[in-house]
Amino acid sequence: QVRLVESGGGLVQSGGSTRLSCVGSGTFFSLDGMGWYRQAPGKQRELVAAITSGTRTIYADSVKGRFAISGDHAENTLYLQMNSVEPEDTAVYYCHADRVTVRSPGRTTYFELWGRGTLVTVSS
């Protein structure tokens, strides 16, 4: 089974920094279109940052200049560096893959995949 597992969540002081990690596990050929989303209580899930086709990066206006997305292809790991965090950043952060490619004899399968999320709480 292919999974995306987030880590790095927890309590962070306002103005501080933390780094979230997302590791792809299981058997797969590739993970493409990787991004981070977040969902605060009572609000819809929103895109935080993503690496699009061509390795271009995009950021929500609310985090631009404070957060940075990056990936380590060799380790199948996605990161979100969070600097100068604010109480408004408190949310469950989800790792997402637009396309997971799984190959087996005589078959190639594509699907999108969400991690289960990690909670980041920013204290004031």
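What is the handedness of the link of C22 and C95, and what is the angle about the S-S bond? The link is left-handed, with -75° about the S-S bond.

## Basis of the model

The model is predicted: local features require pLDDT of at least 70 and side-chain atom pairs count only at pLDDT 80 or more, while totals for chains, interfaces and linings use all residues. Residues are numbered from 1 along each chain as its sequence is written, and side-chain values use heavy atoms, with hydrogens and water left out.

## Disulfide

One disulfide (a pair of cysteine sulfur atoms within 2.5 Å) is found in a search of the whole structure. The sulfur atoms of C22 and C95 lie 2.0 Å apart. This pair links distant parts of the chain, since C22 belongs to strand 3 (residues 18-25) and C95 to strand 9 (residues 91-104), 73 residues apart. Strands (E, at least two residues) are DSSP runs, numbered from the N terminus. C22 and C95 are both buried, where buried means under 20% relative accessible area, exposed over 50%, and partly exposed in between (1.4 Å probe, protein chains only).

## Open sheet and loops

Four strands form an open sheet in the order 1-3-8-7, with antiparallel pairing; two strands pair if DSSP finds at least two bridges between them. Six bridges join strand 3 and strand 8 (residues 77-82) in the antiparallel sense, and V23 stands opposite T77 in strand 8.

Two loop residues have positive phi values. N76, in the loop between strand 7 and strand 8, has phi near 50°, a positive value in a residue other than glycine. N76 is partly exposed, with a relative accessible area of 34%. S84, in the loop between strand 8 and strand 9, also has phi near 50° and is likewise a residue other than glycine. The relative accessibility of S84 is 41%, so S84 counts as partly exposed.

The whole structure contains two aromatic pairs. Rings of Phe, Tyr and Trp (its six-membered ring) pair if their centres lie within 6.5 Å; planes under 30 degrees apart count as stacked, over 60 as edge-to-face and the rest as tilted. The centres of Y37 and W114 are 4.9 Å apart and their planes stand at 65°, so the pair is edge-to-face. This pair links distant parts of the chain, Y37 in strand 4 and W114 in strand 10 (residues 107-114), 77 residues apart. Y94 and W114 are also edge-to-face, because their ring centres are 6.4 Å apart and their planes at 85°. Y37, Y94 and W114 form one aromatic cluster.

W114 is partly exposed at 32% relative accessibility, whereas Y94 is buried at 13%. The charged end of R45 sits over the ring of Y94, 3.7 Å from its centre. R45 also lies over the face of W114, at 4.6 Å from the ring centre. A charge sits over a ring if NZ of Lys or CZ of Arg is within 6 Å of the ring centre and within 35 degrees of the ring normal.
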